[in-house]
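Could you walk me through this model in my viewer, one selection at a time? I would like to know what to click on next and what I will find there.

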Amino acid sequence: MSFVNSSLDHNYRGTKYATVSTHDTSPRSQARQPPERVVWGINWRAPIKMVGLLIIGAGVAVGHHFYYQSLDGTRVSTRDSDWNFQSQQWQLRYGTAFAFFAKTCLAASISVAYQQHIWTTMKRKSISISGIDAMFGAIDDLFSFLNPSFLFNVKVGAVLAALTWLMPLSALVTPATLTVVPSATITPQAMTVPMVNYSDVSSLFFPEDSNVGADINTVNNGVSPFLSRLMAATAASGDILTMRPIAPAANYSLEFSAPSLKCVTALANITTVINRVVNFTSSLSGVWPISFLAFTPQDKMLVNSGAGYAQYQEFVNTCVGGESGINGSQFYCDGMAALHFNYPGSSAYIWVKSDSDYYSCSLEDTLFSVTFNATGNVQTVNHPYSFQYTGKSLNDGHYVHGQVMSNWLNGVLWGMFQGMVSVRTRITETSLYAALKTNGKKTSTADGISEDAIPAAEKALTRGLTMGQLIEELSRNLTLSLFSADRTWSPLGANTTVNVAVNTNIYAYNVGNLALAYGLAIVVTIISVIIGFGALVVNGVSHGTSFSSIMCSTRNKTLDNLTIGYSLAAEPLSKEVLDTDLKFGLLPESREDHGLIRRVGFGVPHEVDTLRKGATCY
């Protein structure tokens with residue numbers, strides 16, 4: 001393929017206008033002048049237009065992608081003003097401009113390819129004038145597609161013309177690939193958040209309501225009704241109680257020391273004491289074996305495996321059973337609350353027998369690391385949270401915590417017939433009792449509690465945890481549930497960084513839809529350009545649909561005669577004219593032709609010979 005400038009002709013006379021002789025104007029004199037032969041060669045403008053417009057269109061499409069990608073996930077400006085060029089309206093306008101420019105360039109590239117192709121068709125086929133009209137106007141006039149001659153004879157051309165009309169569809173799809181969606185933006189803020197003062201027991205324990213020295217473990221003994229309700233709610237829910245949020249959507253972390261129980265497998269000396277207590281429970285359970293037992297050991301039980309303690313029966317009747325000694329006439333025992341008064345006789349332990357397992361649960365200072373998460377009107381503790389026992393000394397807050405836990409745990413439970421019997425303990429109001437062993441039978445035996453007494457749904461609540469693990473979990477749940485009540489909060493709170501989620505609108509970019517729309521548009525344009533280049537090679541020159549192209553290709557007497565009476569170019573033409581078939585090729589010889597050199601143009605099919613690339617003509 002060669003590219004030449006069509007204005008560079010070896011016979012070019014260098015004047016702007018043709019020179020007409022005033023001395024000899026006869027046909028004979030004009031015929032003697034040598035003809036201007038056509039110069040074959042493809043002008044650079046057509047291929048440059050096709051490729052250039054394709055590259056520009058594809059480049060704009062890529063730019064559109066990167067522009068939308070830069071907006072993806074960014075906040076939508078809330079400042080609504082005609083002069084806020086970062087507003088949502090302007091961002092969408094920019095996207096529409098990208099789409100419009102891209103589709104315009106791609107459609108223009110196809111249009112140039114179409115113009116080259118139709119001249120190839122007109123050289124090969126004879127087409128009616130109405131069909132040629134439709135062919136030349138298909139890119140601008142949608143009604144051209146209603147012409148059957150055009151559709152039948154110029155099938156590929158019709159597809160190319162249709163593509164220029166369909167290309168704007170890409171401009172409809174691509175701007176819509178950027179949408180606005182609601183989102184929550186996390187903003188760290190320094191804030192004062194609620195913090196429980198675990199050493200302040202003023203709202204949890206009332207000393208004047210306690211009965212030191214008179215069966216302090218049998219009644220609530222100073223545990224406030226508020227803390228009793230909090231314990232009941234925590235035990236019944238099996239989870240940490242929710243708290244009032246500091247913000248509709250926020251999360252933050254705190255680290256603090258607080259009381260909790262630590263349960264380990266009991267040592268042999270402790271197991272001995274527990275079994276001593278069990279041996280005296282027949283006064284409560286009769287012949288039925290004990291499945292669960294919990295109690296706060298008295299100080300003398302901690303020495304020499306409890307051998308020096310001589311009041312086990314009275315201890316079981318009063319501290320494990322339900323017999324009250326509040327009036328001082330009966331035996332009394334001391335609970336953990338007694339430690340609040342530095343009263344001797346009690347301990348900071350709860351010893352537990354659960355079937356064949358023995359536990360020693362000690363009151364411990366515990367370092368918690370907790371993340372709080374607020375959603376809507378509820379703030380919860382994220383699971384899992386971390387904790388570790390510090391071994392530090394205990395204070396009043398620890399003792400009160402141990403007292404309320406022992407109020408719920410201490411007592412005895414056994415299976416009887418098809419059910420269970422519990423004395424004093426309240427573990428049946430929690431999921432803890434479901435950790436006890438069942439015997440798979442309809443009736444309770446020495447092997448365990450009746451199967452029907454603990455349904456499968458209740459057992460599922462334990463999640464496979466042991467009794468010791470469930471007691472620890474209940475203790476920690478109670479500790480963290482204190483955050484649910486503002487009366488337990490420290491007046492100063494705690495300073496920390498809170499991640500506040502602010503609801504906002506952000507841009508969301510659907511890259512797939514944009515890539516699909518532009519990808520299809522670019523692919524069909526590339527195919528069209530290939531067709532256009534093929535037409536250039538076949539034609540040997542570049543063509544157009546301009547007036548000058550029509551003027552140069554319609555110079556012959558047949559057309560002059562055919563269009564007599566229509567020189568105003570008024571529409572519509574007669575059906576006879578429109579139905580006349582024409583073909584682009586070598587026109588018939590005339591007396592003005594010089595030898596074998598003939599003119600090229602449109603003519604009726606029987607007068608026109610096929611024009612081949614490189615033919616000598618003028």
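Start by selecting Ser-528, which sits in helix α15, residues 511-539. Keep in mind throughout that this is a predicted model. Is Ser-528 buried or exposed? Its relative accessible area is 1%, under the 20% cut-off, so Ser-528 counts as buried. Now show what surrounds this serine: leaving aside residues up to four places away in sequence, Ser-528 touches Ile-110, Ala-113, Leu-160 and Leu-163.

Next, pick Val-173 in helix α7, which spans residues 168-173. With a relative accessible area of 39%, Val-173 is partly exposed.

Zoom out for a moment to the whole chain. Of the 618 residues, 46% count as buried. Among contacts with a separation of 6 or more, 74% link residues 24 or more positions apart.

Now colour by confidence. The chain averages a pLDDT of 82, and 87% of the residues score at least 70. Two stretches deserve a look here. Residues 1-32 have a pLDDT below 50, and this stretch has 28 contacts in the model beyond near neighbours in sequence. Residues 211-219 are also below 50, with 40 contacts beyond near neighbours in sequence. Where pLDDT is low, the predicted coordinates should not be read in detail.

On to helix packing. Select α8, residues 225-237, together with α12, residues 396-409; they pack at an angle of about 60 degrees, with their axes 11 Å apart. That angle makes α8 oblique to α12. The crossing is right-handed. Show side chains, and you will see the contact made by Leu-227, Met-231, Ala-232 and Ala-235 of α8 with Val-400, Val-404, Met-405 and Trp-408 of α12. By class, this contact has eight nonpolar residues, no polar ones and no charged ones.

From α8 the contact uses Leu-227, Leu-230, Met-231, Thr-234 and Ala-235, while α14 brings Leu-474, Asn-477, Leu-478 and Ser-481. How many residues of each class are in the contact of α8 with α14? Six are nonpolar, three are polar and none is charged.

Finish with some backbone details. Most residues other than glycine have a negative phi, and most peptide bonds are trans. Select His-383 and Pro-384, which are joined by a cis peptide bond with omega about -5 degrees. Pro-384 lies in the loop between β7 (378-381) and β8 (386-389).

Then move to the loop between β4 (290-295) and α11 (312-320), where you will find Asn-304. Its phi is near 55 degrees, a positive value, and Asn-304 counts as exposed at 59% relative accessibility. Click on Ser-305 in the loop between β4 and α11: phi of Ser-305 is near 55 degrees, again positive. At 23% relative accessibility, Ser-305 counts as partly exposed.

Terms used
Residues are numbered from 1 along each chain as its sequence is written. This is a predicted model: local features need pLDDT of at least 70, side-chain atom pairs count only at pLDDT 80 or more; totals for chains, interfaces and linings use all residues. Side-chain values use heavy atoms; hydrogens and water are left out. Axes are lines fitted to C-alpha atoms, for helices over the stretch in contact, and angles run from 0 to 180 degrees between N-to-C directions. Helices (H or I, at least four residues) and strands (E, at least two) are DSSP runs, numbered from the N terminus. Angles under 35 degrees count as roughly parallel, over 145 as roughly antiparallel, 65 to 115 as roughly perpendicular and the rest as oblique. A crossing is left-handed if the near helix is turned anticlockwise from the far one by less than a right angle, and right-handed if clockwise. Contact means heavy atoms within 4.5 Å. Ala, Val, Leu, Ile, Met, Phe, Trp, Tyr, Cys and Pro count as nonpolar, Asp, Glu, Lys and Arg as charged, and the others, Gly among them, as polar. pLDDT is the predictor's confidence in each residue, from 0 to 100. Buried means under 20% relative accessible area, exposed over 50%, partly exposed in between (1.4 Å probe, protein chains only).
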